[in-house]
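This report covers domains, chain contact and helix packing, in that order. Please keep the sequence and the 3D view open while reading.

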Amino acid sequence: MNKRSKGKHSAAERINAGLARRRAVERLFRYTGLLSLLLGLTFLCVLFFSIISKGYTAFQQTFIQLEIHFDEQKLDPSGEKDYEALSTADYGSLVKKSLRTAFPAVTSRQEQRRLYELVSFGAAYQLRDMVLADSALIGQTSRVWVPASDDVDMLVKGHIKRGVVEAERRLRDIQLVWLDKLETEGRLSLKFNTAFFTSGDSREPELAGIWGALMGSILTLSVALTLSFPIGVATAIYLEEFAPRSRWSDLIEVNINNLAAVPSIVFGLLGLAVFINFMSFPRSAPLVGGLVLTLMTLPTIIIASRAALRAVPPSIREAALGVGASKMQTVFFHVLPLALPGMLTGTIIGMAQALGETAPLLMIGMVAFIVDIPSSIFEPATVLPVQIFLWADSPERAFIERTSAAIMVLLGFLIAMNALAVILRKKLERRW
Amino acid sequence: MQIFVLLLTLAAMTVISFYLGRQRALTVAGGNIPALNSLPSYYGYYMALWCGIPVLFIVISWLLFESAIVAGIVVASLPDAFAALPDQQLNLVLNEIVNLARDNVTAGQASSDIATAAQLYNQIKAVSSGLLFVLSITLGAGGAAFAWNRIRVQQRARNKVERTVLIFLMVCSTIAIFTTLGIVLSVLFEAMRFFQMVPVADFLLGLEWSPQTAIRSDQVGSSGAFGAVPLFAGTMLISAIAMTVAVPVGLMTTIYLSEYASPAVRSRSKPLLEILAGIPTVVYGFFAALTVAPLIRGWGESLGLSVSSESALAAGIVMGIMIIPFVSSLSDDAINAVPQSLRDGAYALGATQSETIKKVIIPAALPGIAGGILLAVSRAIGETMIVVMAAGLAANLTANPLESVTTVTVQIVTLLVGDQEFDSPKTLAAFALGLVLFAVTLTLNVIALYIVRKYREQYE
């Protein structure tokens with residue numbers, strides 16, 4: 001530049017000559033920035049779109065209407081309506097019989113088996129529950145909507161294409177003919193999938209639900225919350241209000257900052273080695289999961305709580321001390337109430353993180369296949385994200401939509417929690 | 001259930017002793033409250049603490065040690081033939097006894113020895129829970145009575161209560177240290193046992209990873225090789241892909257939002273991007289495995305490339321998407337900390353906005369940005385679910401992003417999920433990998449925090 005300035009052009013001319021190029025660079029840079037922002041937002045949209053488009057169908061489920069005759073001979077030959085006998089009776093045969101009556105033309109054993117495949121295993125349990133709830137049904141004939149098998153469900157929802165060659169399709173041509181017949185008779189229809197929200201896990205996609213995992217999540221999070229909120233707040237109060245500046249408090253601070261960035265799977269290793277191997281707590285239990293998540297969320301809560309305490313102006317403390325309150329009274333009766341909204345916000349965000357956490361829970365055995373709904377923190381349980389992980393691994397096509405639907409439920413909870421945190425902050429937080 | 005009844009009783013006792021203590025203070029003062037050293041409720045707290053704390057200790061230690069002690073007594077009562085069994089079989093026998101005692105179910109036919117032991121187990125359990133009941137209630141009542149007797153007008157109840165609270169606060173604050181210590185010790189201890197079986201050099205420098213050990217001695221092909229280099233390489237490959245996505249996009253987004261965008265755009269798009277940070281990683285994993293991986297495979301095959309269905313590229317890109325908001329919020333802090341005067345100075349010299357950003361703002365914010373990127377790298381290395389669901393299991397030593405690679409975290413998960421025996425190198429290898437992971441991420445974090453802190457002092 002200096003060399004050329006000695007040439008014939010004046011400085012202004014040279015600047016003007018370069019302007020067009022510099023403006024082009026400026027525009028390019030600006031558009032790159034815009035593009036990056038749009039790219040980020042596009043990723044978000046694609047992610048949500050792909051999950052929702054895959055998952056919204058899971059909220060409906062195909063049902064087949066069957067005319068079931070609750071045969072006295074089969075269910076209750078003794079006529080005593082004994083609970084034990086009724087709950088172990090062969091309800092599957094009722095379903096099969098009803099299918100055979102509906103399609104009298106089907107006679108060969110192989111075709112009959114194909115016919116039975118249309119209806120889910122769950123139909124038998126449904127009939128059992130109906131009979132156990134109302135024993136007057138025995139001997140009657142009634143029309144019952146029972147869940148169809150997952151393949152039929154996939155066909156109705158269009159995930160199994162009719163156009164494919166028979167050998168590459170999970171449903172045979174003849175099964176399609178039967179289904180068409182059921183459909184024209186109005187006995188095949190999509191209904192709201194209540195089982196998805198009320199039942200536990202199952203190997204059969206049409207019977208699998210998230211309630212068990214949701215209960216597990218609730219139990220695990222309540223353990224984490226009852227431990228991490230008081231401990232986190234207490235730590236924050238100590239460090240912010242009482243701790244003298246010393247090596248020791250510096251060490252605590254460094255530790256907290258580092259723990260916030262330790263990979264979550266390492267907490268899983270800690271849980272496995274300490275809680276399960278050393279203290280021999282029960283495997284797969286929400287208790288252990290809650291303990292691990294407590295340790296994981298503590299740094300988040302401590303950091304947020306300290307920020308909330310720091311935001312309370314010193315004048316509040318000075319005024320309280322001035323009228324004769326002790327240090328402890330000042331903190332607990334004056335500073336803490338003012339800092340509480342900020343602490344709660346931090347805690348909710350920490351809990352939202354804990355709700356979505358999967359990796360450390362895999363380590364402590366919360367990946368087991370658990371059908372029963374857990375009712376205490378000592379029983380084996382799984383949590384919602386782990387359920388998603390398990391279903392994502394399942395080969396059945398029908399599990400894809402269920403996984404996506406479970407993700408939608410999980411995201412719904414997370415968005416609700418974060419929205420609550422935002423509202424809390426807006427409503428309760430005071431600006432000084 | 002019994003324990004809940006007990007806890008409820010004890011809680012009620014504590015509450016009652018609070019009221020009794022306050023009442024006692026008022027009685028002692030004879031209605032002349034100013035004569036008391038502390039406010040009446042502090043005497044209540046004082047008594048409640050004396051009632052509650054000893055009980056809490058008893059109950060917790062009972063919960064921790066009861067099962068071990070009961071098991072010890074039951075095992076000791078078994079005939080000598082059982083005592084000779086190795087530990088694992090003894091555990092199985094013990095499980096059988098516990099199951100029989102608890103739910104009256106057995107796997108197969110229970111021998112008479114086991115049935116007797118189960119009866120003994122139930123007896124000891126009953127005695128033990130009765131003992132706990134009596135002991136804790138006596139202790140609580142005793143503590144409360146002791147405190148009740150000590151309440152005087154001149155007693156400094158507030159100071160004592162406050163000292164107890166302070167001790168509680170201090171104990172809570174040490175949990176962070178104990179957590180770190182717990183992580184280091186547990187990982188280190190198991191890793192040491194692993195290194196007794198497999199030399200450290202073989203682990204850190206070996207090129208072959210196949211952790212399946214032979215179950216029978218004559219089995220072919222699974223001698224167990226623990227060379228972790230392919231895992232480190234795979235981790236680095238996926239992290240590198242992730243950073244290639246996250247750093248440019250995250251950084252440019254931040255620059256655009258903080259320097260160019262109107263306040264309306266900024267206030268709307270920032271929370272939207274933050275959503276990306278709040279999405280659980282298992283969701284990203286599902287997205288990577290079911291949407292991105294087939295997409296990349298399809299594109300690759302239309303170009304005539306052979307793409308693995310578990311390609312490193314898919315996992316890396318999705319991980320990058322996950323890290324975008326992380327990079328962007330950390331660099332946002334750094335860029336916002338650059339004083340306005342530097343910008344104004346550059347504009348005054350005739351620089352365009354982009355020249356100001358490139359020549360002034362980014363160099364000034366560089367330490368903060370670099371720290372943020374290091375933290376993001378540490379995050380990418382430790383990320384688990386995306387790679388577990390979208391990356392492979394086979395340890396390939398390759399730099400081709402279209403092939404399938406495995407990572408440290410994937411191997412930790414696969415080695416530890418399912419049943420484990422804690423004396424096989426296969427299980428212990430997971431802890432050795434965990435040690436490496438912890439050491440690397442810790443180093444990155446320390447460096448990053450150091451850089452960020454050092455930089456912050458520049459403008460303050």
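## Domains and overall form

Chain B is divided into domain 1 (2-173) and domain 2 (225-456). This is a predicted model. The C-alpha centres of domain 1 of chain B and domain 2 of chain B are 48 Å apart. Chain B holds 17 helices and two strands.

How does the radius of gyration of chain B stand against that of a compact globule of 460 residues? Chain B has 31 Å, whereas the globule would have a value near 23 Å. The C-alpha trace of chain B spans about 85 × 80 × 40 Å along its principal axes.

Chain A has its own division. The domain assignment gives domain 1 (2-56), domain 2 (59-197) and domain 3 (211-428) of chain A. The C-alpha centres of domain 2 of chain A and domain 3 of chain A are separated by 45 Å. Contact between these two domains involves seven residues of domain 2 of chain A and five residues of domain 3 of chain A. On the domain 2 side, helix H8 (150-156) and helix H10 (195-198) of chain A are the elements that give two or more residues. H8(A) supplies the largest share, three residues. By class, that side of domain 2 of chain A has four nonpolar, one polar and two charged residues.

## Contact between the chains

The contact takes 68 residues from chain B and 65 residues from chain A. Which element gives the most to the side of chain B that touches chain A? Helix H7 (residues 175-197) of chain B does, with 10 residues. The side of chain B that touches chain A divides into 45 nonpolar, 20 polar and three charged residues.

Two packed helices are described by the angle between their axes and the distance between the axes. The table gives both values for two pairs.

The crossing of H13(A) and H14(A) is right-handed. H13(A) contributes Ser264(A), Phe267(A), Gly268(A), Gly271(A), Phe275(A) and Ile276(A) to the contact. H14(A) contributes Val288(A), Leu291(A), Val292(A), Leu295(A) and Met296(A). In the contact of H13(A) with H14(A), eight residues are nonpolar, three are polar and none is charged.

Now H15(A) and H16(A). From H15(A), the contact uses Ile316(A), Arg317(A), Ala320(A) and Leu321(A). From H16(A), Thr330(A), His334(A), Val335(A) and Leu338(A) take part. The contact of H15(A) with H16(A) has five nonpolar, two polar and one charged residues by class.

Note on methods. Residues numbered from 1 in each chain as written. Chains lettered and ligands numbered in written order. Predicted model: local features only at pLDDT ≥ 70, side-chain atom pairs only at ≥ 80, totals over all residues. Domains from an automatic or database assignment. Left-handed = near helix turned anticlockwise from the far one by under 90°. Helix = DSSP H or I, 4+ residues; strand = E, 2+ residues; numbered from the N terminus. Nonpolar A, V, L, I, M, F, W, Y, C, P; charged D, E, K, R; others polar. Rg over C-alpha atoms; globule rule 2.2 N^0.38 Å.
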